[in-house]
Amino acid sequence: MGKDVIIALDFDSREKTLAFLDRFAGEERKPFVKIGMELYYAEGPSIVREIKARGHKIFLDLKLHDIPNTVKKAMAALSRLDVDMTNLHAAGTRAMMEAALEGLTRPDGTRPLLIAVTQLTSTSQERMERDLLIEKPLDQVVMHYARCAAEAGLAGVVCSPLEAGKVHGACGHGFLTVTPGVRFAGGEVGDQVRVTTPAKAKELGSDYIVVGRPVTQAEDPVAAYRRCVAEFVG
Ligand code: C5P
């Protein structure tokens with residue numbers, strides 16, 4: 001898979017989601033989309049099947065984190081939904097990641113790309129030390145989790161575009177970096193802290209950018225999506 005822009009479908013209902021996707025009906029390039037907890041818990045697996053049937057690639061962002069056996073079984077259920085990418089928390093340990101891969105692999109040996117969340121971008125150094133008792137620099141923690149994910153056989157990690165180069169340095173260029181925290185120059189930052197533009201994310205080596213509000217809340221979402229693609233994919 002090459003570089004691509006993934007639109008985060010952060011909507012609370014099927015109606016709003018499909019109305020949004022209808023705007024892209026005439027587009028030659030069907031956007032790769034991300035379904036997160038909000039939409040999945042509101043609408044269940046049928047929304048995944050419906051969006052898939054419309055021809056979109058899907059990143060199912062449910063961030064699994066449980067004992068290895070439970071994650072393995074849950075991943076087996078997700079693999080039958082035929083998504084293109086899904087994820088879990090690297091903090092669940094290497095044993096959990098290996099079990100997840102096993103569960104996700106279909107009888108024919110194929111599987112969706114499995115990506116690990118390292119430390120959430122909402123976690124600061126201070127909170128990590130105070131609440132998680134992890135007393136190492138945050139970027140070292142992210143790199144360690146990325147290496148564990150690579151060793152477990154995962155396809156890549158979710159990280160900040162600012163960390164993409166380091167992750168590729170530690171885990172190789174074939175190891176994917178999926179990066180949220182993207183804003184247009186001069187755009188609203190919202191609750192994201194470390195942001196970059198699509199062009200900068202490309203320069204930093206991100207493989208996929210995940211873009212939510214700059215596209216979903218834009219006056220003209222199709223134009224905003226096209227702008228992301230032009231800047232990031234070229
Ligand atoms: O609206 P915005 O562009 O900030 O959306 C970013 C998307 O990426 C959201 O769906 C958010 O849940 C997701 N995400 C993130 N940071 C992570 C993991 C996922 O922003 N570390």
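This is a predicted model: local features need pLDDT of at least 70, side-chain atom pairs count only at pLDDT 80 or more; totals for chains, interfaces and linings use all residues.
Let me begin with serine 160, which counts as buried because its relative accessibility is 3%, under the 20% cut-off. Serine 160 is found in the loop that runs between strand S6 (156–158) and helix H8 (164–171), and its side chain reaches the backbone nitrogen of leucine 162 at 3.0 Å.

Now I would like to turn to the aromatic rings. A pair of aromatic rings is described by the distance of the centres and the angle of the planes. In this model the count comes to five aromatic pairs. For phenylalanine 11 and phenylalanine 20, the ring centres are 5.2 Å apart and the planes meet at 45°, so this pair is tilted. Phenylalanine 11 is buried, with a relative accessible area of 11%, and phenylalanine 20 is buried as well, with a value of 5%.

Phenylalanine 24 and tyrosine 225 form an edge-to-face pair, with 5.6 Å from centre to centre and 85° between the planes. This pair links distant parts of the chain, for phenylalanine 24 is in the loop between helix H1 (14–22) and strand S2 (32–36), whereas tyrosine 225 is in helix H11 (residues 221–232), 201 residues apart. Both phenylalanine 24 and tyrosine 225 are buried, and Phe11, Phe20, Phe24 and Tyr225 form one aromatic cluster.

A ring can also be involved with a charge: the charged end of arginine 227 sits over the ring of phenylalanine 184, at 4.0 Å from its centre.

Finally, a word on the backbone. Most residues other than glycine have a negative phi. Which way, then, does the phi of lysine 63 go, positive or negative? Lysine 63 has a positive phi, of about 45°, although it is not a glycine; its place is in strand S3 (residues 58–64), and it is partly exposed, with a relative accessible area of 24%. Leucine 133, likewise not a glycine, has a positive phi of about 60°; this leucine 133 is in the loop between helix H6 (125–132) and helix H7 (138–152), and it is exposed because its relative accessible area of 66% is over 50%.

Definitions and conventions. Residues are numbered from 1 along each chain as its sequence is written. Side-chain values use heavy atoms; hydrogens and water are left out. Rings of Phe, Tyr and Trp (its six-membered ring) pair if their centres lie within 6.5 Å; planes under 30 degrees apart count as stacked, over 60 as edge-to-face and the rest as tilted. Buried means under 20% relative accessible area, exposed over 50%, partly exposed in between (1.4 Å probe, protein chains only). Helices (H or I, at least four residues) and strands (E, at least two) are DSSP runs, numbered from the N terminus. A charge sits over a ring if NZ of Lys or CZ of Arg is within 6 Å of the ring centre and within 35 degrees of the ring normal. A polar contact is a pair of N or O atoms within 3.5 Å; within protein, one must be able to donate a hydrogen and the other to accept it, and residues adjacent in sequence count only if both atoms are side-chain atoms.
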